[in-house]
Amino acid sequence: MASGTFCLSGSTLWRKITFSRQDPFSFQQQAVEKWLVDRAVLPIENSLGGSIHRNYDLLIRHRLHIVGEVKLAVKHCLLANHGVEIGDLTRVLSHPQALAQCEHTLTKMGLVREEVDDTAGAAKHVAFHNLKDAGAVASAAAAKIYDLNILAKDIQDDSDNVTRFLMLAREPIIPGKDKPFKTSIVFSLEEGPGVLFKALAVFALRQINLTKIESRPLRKQTQRTSDDNSNGAPNRYFDYHFYVDFEASMADVNAQNALGHLNEFATSLRVLGSYPVDTSMI
């Protein structure tokens with residue numbers, strides 16, 4: 001049974017509902033780890049909604065390897081059961097990112113947004129429960145799978161809407177130099193002036209281009225304190241994981257030297273994967 005809470009943000013009413021206690025993206029990775037499937041596909045960032053922070057945390061939690069990336073243009077549709085018109089709807093279900101990407105359109109329609117785990121799950125829920133007052137923001141493929149009617153196409157607020165996905169596997173691929181490669185790493189550092197600058201400099205010194213930098217607080221770790229404060233009260237610091245993508249293959253000696261240099265002072269360092277760049281949208 002779905003449960004949820006309501007909150008008011010500005011003039012927009014949001015309701016979050018959950019159909020399952022299982023995080024679908026964590027479940028995917030567990031399925032790979034248990035040899036139930038060979039690959040998992042993880043959305044990691046969107047050109048409108050930004051980084052999907054929860055999924056960055058999953059990269060640390062699970063010991064899988066990034067073996068590829070895919071960039072897909074996102075085209076959202078408003079779906080409903082047959083016989084239901086837009087005027088019949090009072091609410092719409094979808095993943096938070098999809099709802100955010102269609103915010104202005106849905107606001108004009110006066111629909112209450114309800115967050116669920118994924119877009120396909122929203123379409124399935126609307127169809128299986130034969131809802132007459134609710135629609136789903138999902139793909140045209142979901143409409144076909146669950147026999148829903150497409151009330152409106154391309155309802156995203158910006159036509160330049162692209163999501164980047166990572167492909168995860170149990171074993172890494174062998175990096176090469178025959179095509180453009182990207183490498184993703186995660187590391188942590190001691191707190192101190194210029195430490196992050198020093199970490200990024202190992203790439204700049206070797207002319208390695210960074211394409212992504214993200215930070216996430218280290219979980220299950222208390223805040224550290226410092227007495228370096230003029231008013232006498234100790235400063236409190238979060239420790240962070242830093243995620244970095246850079247344009248180089250781990251078969252490149254230059255990249256190996258950069259990570260060897262970083263490893264000299266990083267408190268932790270892990271290569272998440274070295275994989276071909278998706279050039280399909282370039």
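I'm working from a predicted model, where local features need pLDDT of at least 70 and side-chain atom pairs count only at pLDDT 80 or more, while totals for chains, interfaces and linings use all residues. Numbering runs from 1 along each chain as its sequence is written, and side-chain values use heavy atoms, with hydrogens and water left out.

**Largest pocket.** I looked up the open space first. A pocket here is an open set of points on a 1 Å grid over the protein atoms alone, with protein on both sides within 12 Å along at least five of seven lines; lining residues have an atom within 4 Å of a point. The largest pocket holds about 610 Å³, the volume being the space filled by probe spheres set on points joined across faces, edges and corners. I found 25 lining residues, with V74, H76, T119, T163 and F165 closest to the centre. Among the elements giving at least two lining residues each are α1 (24-33), α5 (119-128) and β11 (162-169); helices (H or I, at least four residues) and strands (E, at least two) are DSSP runs numbered from the N terminus. By class, I get 14 nonpolar, nine polar and two charged. Nonpolar means Ala, Val, Leu, Ile, Met, Phe, Trp, Tyr, Cys and Pro, charged means Asp, Glu, Lys and Arg, and the others, Gly among them, are polar.

**Cavity.** I noted I44, Y56, R164, Y243 and D245 among its lining residues. α2, β11 and β16 (240-246) each supply at least two. The lining splits into seven nonpolar, one polar and two charged.

**α1 against α2.** The axes (lines fitted to C-alpha atoms over the stretch in contact; angles run from 0 to 180 degrees between N-to-C directions) come within 10 Å and cross at roughly 25°. So α1 and α2 are roughly parallel, the term for angles under 35 degrees. For contact (heavy atoms within 4.5 Å), I have F25, S26 and Q29 of α1 with N55, L58 and R61 of α2. That makes two nonpolar, three polar and one charged.

**α7 against α8.** I then looked at α7 (residues 195-204) and α8 (residues 253-263), which pack at about 160° with axes 9 Å apart. α7 is therefore roughly antiparallel to α8, as angles over 145 degrees count. A199, V202 and F203 in α7 meet A258, L259, H261 and L262 in α8. I count six nonpolar, one polar and no charged residues there.

Terms used:
On a 1 Å grid over the protein atoms alone, a cavity is a set of points where a 1.4 Å probe fits but cannot get out, and a pocket is an open set with protein on both sides within 12 Å along at least five of seven lines; lining residues have an atom within 4 Å of a point. Angles under 35 degrees count as roughly parallel, over 145 as roughly antiparallel, 65 to 115 as roughly perpendicular and the rest as oblique.
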